[in-house]
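Please have the structure open while reading.

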Amino acid sequence: MEHMVDLDAVDDEANTIVASPQRTGFLPIVTNWFDRVFVGIYLFVALELFWMRFLEQSIPLSVCHLLAIALGVLIVWRG
Amino acid sequence: MRSNRVGWLMLAPTIAILGVFGIVPFLYVLYVAFHQWNPFGANPYMIYNGANNFRRLVFDNEFLTSIAFTLKFAFFAVLSEVVLGYFLAQLFMKEFPGRGLFRTIHTLPLIVAPIVVGSVWRLMTTPSIGIIPYLLKSWFGYDLNIGRDATMAFALTVIMDIWHWTPLVTLTLLAALVSLPKEPFEQAQIDGANRWQIFWHVTLPMIRPAILATVFIRLMDALRTVDEVWMLTGGGPGAATRYLGLHIWKIVFPKTDYGYGSATSIIVLYLTLVMCWLLYVALVARRGQKRAS
């Protein structure tokens, strides 16, 4: 056995690899940037569908685009 | 750095397959969803129509109704399968005569193709020739006709799904139960815990990942079920069992409205991901957060 694998060293290396920094913002869960983009996109779609169904007759959809993008940016930035 | 390169190389085949069979078709469906496209219509070319397919979709009562029916179906089917699957898994943990034979017979529905399951259940429930209406009539005087009775048609689709997919849940939970260490159970017994306390505080937390994975798989399957229900009821009577998969099938194939069908598919994918994500947050993420704090 010339090449012994140092399992402790492998574990240490694994512990130093951080996939993505996690944090707690105003969302009720700990998130990384991918989670926040995911939530942002999903809320974007939900808001667009809701607007088309209930509000588009009185307020144009472009207002919804602006609101949804602002919400997405807010979630990614502070979520 | 070297280990990263090796990791990416090992992932490359999976990423390539996922890209060709998953991501590219998804992007194409997304592209089609923003077009009006009926290749067999007067104008067979794709015409860009912005968000009109989605606008039409949010006012489509048939679609909204099918969402409600599908959620109801998924709820009853998945919940029953998990509960029944858990009890069967616990049963298979015990020694009893004929356990191997029973386990084999119990697993058999898994190897039957869904379209065949639908055909068999249709034969069994057809009023004049099926064994189920015959037995219900002779034993209870109940006249079963799923062509007329919407509630029974819905119930039978749920029962058929339970019959077909409970073995999968049983096998997954059985594997999880078998792999559990004995020490926590012995310790709980020594501490005087009763069966319910052992289940709630020892077994359930330890098999939570297996339950979660099973629920995800079954939920995704239940939300896009087509062939079994199409064979059993054809979506009827009326639209009582017209679940989302069947709704999309009817838009895309008989009506050949590919643009609208693609938009509907995208929304179904959206709903599925939202539900799985919410379930994940409710069962895993918040728990992890509590533990961390």
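## Contact between the chains

Two residues count as in contact if their C-beta atoms, placed from the backbone, lie within 7 Å. The model is predicted. The contact takes seven residues from chain A and ten residues from chain B.

On chain B, α2 (52-58) and α12 (258-292) each supply at least two residues of the side that touches chain A. The largest share of that side comes from α12(B), with six residues. By class, the side of chain B that touches chain A has seven nonpolar residues, two charged and one polar.

## Confidence

The model scores pTM 0.84 and ipTM 0.77. Chain B has a mean pLDDT of 90. In chain B, 96% of residues reach 70 or more. Where pLDDT is low, predicted coordinates should not be read in detail.

## Helix α3 of chain A

Helix α3 of chain A covers residues 61-78, 18 residues in total. At 1.5 Å a residue, α3(A) should span 26 Å. The end C-alpha atoms of α3(A) are 25 Å apart, which agrees.

Which residues of α3(A) are buried? They are Ala68(A), Gly72(A) and Ile75(A). Seen down the axis of α3(A), the buried residues fall within an arc of 65°, so they line one face of the helix. What covers these buried residues includes α2 (33-55) of chain A.

The face of α3(A) turned away from the buried side carries exposed residues. They are Ser62(A), Val63(A), Leu66(A), Ile69(A), Ala70(A), Val73(A), Trp77(A) and Arg78(A).

Conventions
Residues numbered from 1 in each chain as written. Chains lettered and ligands numbered in written order. Predicted model: local features only at pLDDT ≥ 70, side-chain atom pairs only at ≥ 80, totals over all residues. Helix = DSSP H or I, 4+ residues; strand = E, 2+ residues; numbered from the N terminus. Nonpolar A, V, L, I, M, F, W, Y, C, P; charged D, E, K, R; others polar. pLDDT = per-residue confidence, 0-100. Expected span 1.5 Å × (residues − 1). Buried ≥ 20, exposed ≤ 12 C-beta atoms within 10 Å, placed from the backbone. Arc of directions from axis to C-beta.
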